[in-house]
Amino acid sequence: MDFTPLSRFIDHITSWRIPWAEVLVMHRNETVFRYRNGYADLEEKTPIDDRRIIHLYSMTKIMTCTAGLQLVEKGALLLQDPLSAYLPEYAEMTVKKTLPDGTIALEKAKRAITVRDVFAMTAGFSYDLGAPSIRDVVRRTEGKVLTREFAAALAKEPLLFEPGTRWNYSLCHDVLAALVEVVDGRSFGAYVREEIIEPLGMSDTGFDLSGEQLTRLAPQYEYNDALGKPVRKDGNGFRIGTSFESGGAGLLSTVSDYALFLNALTNLGTSPNGVRILSPASVDLMRTDHLAEEMRGDFSGVRLAGYGFGLGVRTHISKAESGSLSPHGEFGWSGAAGCLAIVDPASQLTVMYAQHMLNNQEPYVHPRLKNIVYGCL
């Protein structure tokens with residue numbers, strides 16, 4: 001395998017507008033290629049190194065859904081259960097309806113939110129972290145919002161549509177994290193640490209960093225078109241308060257660490273050294289397309305063409321529409337600062353791509369990166 005085209009692509013994007021990029025390719029459990037270029041710290045001209053910690057943002061969602069599926073395997077919950085069986089505040093929901101004259105009315109929801117809805121982004125939530133009920137709980141807890149309190153606050157907000165009728169990228173997986181807490185009894189952070197992170201030997205993944213790990217946290221940038229350069233923008237805008245373990249966007253990790261988790265999914269739930277986090281049946285359920293036909297228009301965009309949505313992951317369903325070289329059933333997700341996961345059991349391929357820039361150029365970078373990897377195999 002000659003990965004020269006992939007290293008050239010990383011060189012190209014890091015000379016363009018992305019401060020640094022790194023890619024790790026595993027094939028049949030072996031690391032067959034790893035390459036990085038650019039500066040972790042542009043101001044100090046510090047070259048990117050292999051132990052840098054990044055905000056995974058929405059790539060957290062894959063681990064959150066893995067945690068939820070573990071509980072499904074144990075019979076602790078069913079996908080068709082009403083969410084209110086575990087989080088009672090979701091029993092009586094209202095839905096925003098637009099009337100013929102354009103005014104907004106609130107009506108009682110006719111359908112119950114199910115556990116499947118919070119996995120599959122069909123619950124009717126928004127991604128508005130500034131909603132009144134959320135602002136209120138942040139103020140009330142003096143910025144120490146717990147994951148369970150967050151879910152209780154979100155339940156006070158009206159839904160955008162009847163549950164199970166449309167797809168909307170939203171705070172569903174933050175609610176799923178609260179569901180894991182209630183069903184299991186541990187905090188969400190403790191649950192994923194004890195059931196996924198530590199068993200897989202991931203030493204640099206979690207919701208909080210030690211003092212030593214903080215020294216390895218890569219600065220974050222945002223490309224400023226007016227200035228024609230990336231400018232520093234630290235912090236995680238999706239983490240409200242210091243105690244919130246966001247199932248949708250809260251994890252920090254390294255390329256090496258998260259690749260261990262992704263590769264276990266490539267192996268249908270078991271790591272190369274025999275640590276099982278999911279059954280093959282659960283991984284197949286995760287990467288099954290759960291979108292109804294009427295939801296296809298909601299799940300669209302250049303990078304999602306030819307993909308359906310499973311339980312927290314995109315899943316490849318049409319090569320004709322995607323123009324992707326990956327096989328059907330390849331799955332994964334990405335994060336706000338530009339990281340990308342490619343999980344492909346059929347090809348026994350795992351790809352962990354990282355960068356740390358918001359306004360991340362994802363529609364340009366990700367489809368090209370994916371095709372280059374498959375072209376090199």
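Strands E1 and E2 make a hairpin with two residues between them, and Arg28 in that turn has a positive phi of about 50°. This is a predicted model, in which local features need pLDDT of at least 70, side-chain atom pairs count only at pLDDT 80 or more, and totals for chains, interfaces and linings use all residues. Residues are numbered from 1 along each chain as its sequence is written, and side-chain values use heavy atoms, with hydrogens and water left out.

Strands here are DSSP runs of E with at least two residues, helices are runs of H or I with at least four, and both are numbered from the N terminus. Strands pair if DSSP finds at least two bridges between them.

E1 covers residues 20–27 and E2 residues 30–41. They run antiparallel, joined by eight bridges. Leu24 has Arg34 in E2 as its bridge partner.

Next, the other end of E2. Two bridges join E2 to E3, residues 46–47, again antiparallel. Asp41 is bridged to Thr46 in E3. This hairpin has four residues between its strands, and Lys45 in the turn has a positive phi of about 55°.

Now the helices. H4, residues 132–140, packs on H5, residues 147–154, at about 145°, with the axes 8 Å apart. Axes are lines fitted to C-alpha atoms over the stretch in contact, and angles run from 0 to 180 degrees between N-to-C directions.

Which residues of H4 meet H5? Ser133, Ile134 and Val137 do, against Glu149, Phe150, Ala153 and Leu154 in H5, where contact means heavy atoms within 4.5 Å.
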